[in-house]
Amino acid sequence: MFPTRHAVGLFLATLAFNAFAADFTFKFQSSDPAGVKNFEIQQAWADRVEAMTGGRVEIDLLPVGSIVSHTETLGAMKMGVLDGHISVTGYFSGKDPAFGLIGNTVGAWSSPDQLIDYINYGGGYELMNELYEPYGVKFVGGGGTGLESFVSKKPLDGVEDLKGLKMRAPEGLVQSVFAAAGASPVNLPGSEVYTALSKGVIDAADYTVFSTNHEAGLNDIASHPVNPGFHSLPLLEIAMGLKAWEKLPEDIQVIMTVSARDFAQDISTQLAMADREAVNEARANPEITIHDWSAEERRKFRTIARDQWKVYAEQSPNAGKVYQSVTAYLESQGLL
């Protein structure tokens, strides 16, 4: 008996659907809000993964806070509420000080390339996966957005000016370093920085790179940015649930790993270009004064930061591993 026209049509429609349906659909959450350049570059990465896998992987990237807070994505991945995230490692320092130390080794890196080299070739990749395994999370890859600028409503020309300064600083080592320098850091998500500055809750903020700060209007309400950046270069990572990762065929795992390396170079390069344009625009505005700290003041700050590395190294066995790994790499490359 021949199949009916309806049955043939249904069969062809099923074939067509299967030809275009993704084999793996993942829900990722970013630590950035939609509309900023960081998020746009992250979305481009998700689109490239889909293209590189021939449509077998589809990543739905959500902005910060869509499912859980920016500090809760590790647990959400382990429970399967999220499949992955693109986030800053230091946000999870509350779970282990090691994440604060490796997530932003304040004063260690002079460029994103140095951090990327450490992650890919200096032991950072292996160490991150060792740290994340108990949480059921796979570190796919990462790097740095760039050396962060500093937004301030008050002139800042050196370490002395940090004393008593009400400022936003993210969780972990960054807060400890600024507190040791005499500032009064508070913990706020990046999405609340503008409001806190405009309402006078804080007078300054360690947030992100100059161009992102500038585009968000932070330099308009806090017109004394410190740039070029030198203090902070956080690790921005791509990670996903370990169970979801282990279900992927080997070729897709390789694509994901290589694409994460590409993403690290892509975001740091694009943001560096955007920073140069934004700095030129800010310099043309007479109401914005850019403060460039002297080499001596930068050394003072880095000395304070390195003392805090040692303090953090004693806070957990994993933090000690991070300290040994990072300092050994810096020494091997003549960077310490």
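This is a predicted model: local features need pLDDT of at least 70, side-chain atom pairs count only at pLDDT 80 or more; totals for chains, interfaces and linings use all residues.
**Notes on salt bridges, ring pairs and strands**

1. Residues are numbered from 1 along each chain as its sequence is written, and side-chain values use heavy atoms, with hydrogens and water left out.

2. Asp-262 is partly exposed at 37% relative accessible area, and Arg-48 is partly exposed at 25%. Here buried means under 20% relative accessible area, exposed over 50%, and partly exposed in between, with a 1.4 Å probe and protein chains only.

3. The whole structure holds nine salt bridges. One of them joins Glu-297 to Lys-300 at 3.0 Å, N to O; both residues lie in helix α13, three residues apart, about one turn of the helix. Glu-297 is buried at 15%, while Lys-300 is partly exposed at 38%. Another joins Lys-163 and Glu-160, whose closest N and O atoms are 3.2 Å apart. Lys-163 is exposed at 51%, and Glu-160 is exposed at 55%.

4. Now for the rings: a search of the whole structure finds 14 aromatic pairs. Rings of Phe, Tyr and Trp (its six-membered ring) pair if their centres lie within 6.5 Å; planes under 30 degrees apart count as stacked, over 60 as edge-to-face and the rest as tilted. Tyr-118 and Tyr-329 make a tilted pair, at 5.4 Å centre to centre and 55 degrees between the planes. Tyr-118 sits in helix α5 (residues 112–121) and Tyr-329 in helix α14 (residues 317–332), so the pair ties together parts that are 211 residues apart in sequence. Tyr-118 is buried at 1%, and Tyr-329 is buried at 11%.

5. Phe-178 and Phe-301 also deserve a look: their centres are 5.4 Å apart and their planes at 55 degrees, so this pair is tilted. The pair links helix α7 (residues 173–180), which holds Phe-178, with helix α13 (residues 295–313), which holds Phe-301, 123 residues apart. Phe-178 is buried at 4%, and Phe-301 is buried at 1%. Both belong to a cluster in which ring pairs link Phe-150, Phe-178, Phe-230, Trp-293 and Phe-301.

6. On the strands, eight of the eight residues of β4 (residues 137–144) are buried. This strand pairs with β9 (residues 235–241) in the antiparallel sense over seven bridges; two strands pair if DSSP finds at least two bridges between them. Gly-142 has Glu-237 in β9 as its bridge partner.

7. Strands β1 (residues 24–30) and β2 (residues 57–62) run parallel and are joined by six bridges. The chain passes from β1 through helix α2 (residues 37–52) to β2 in a right-handed β-α-β crossover, meaning that, with the strands pointing away from the viewer, the path from the first strand over the helix to the second runs clockwise.

How values were computed
Helices (H or I, at least four residues) and strands (E, at least two) are DSSP runs, numbered from the N terminus. A salt bridge is a side-chain nitrogen of Lys or Arg within 4 Å of a carboxyl oxygen of Asp or Glu.
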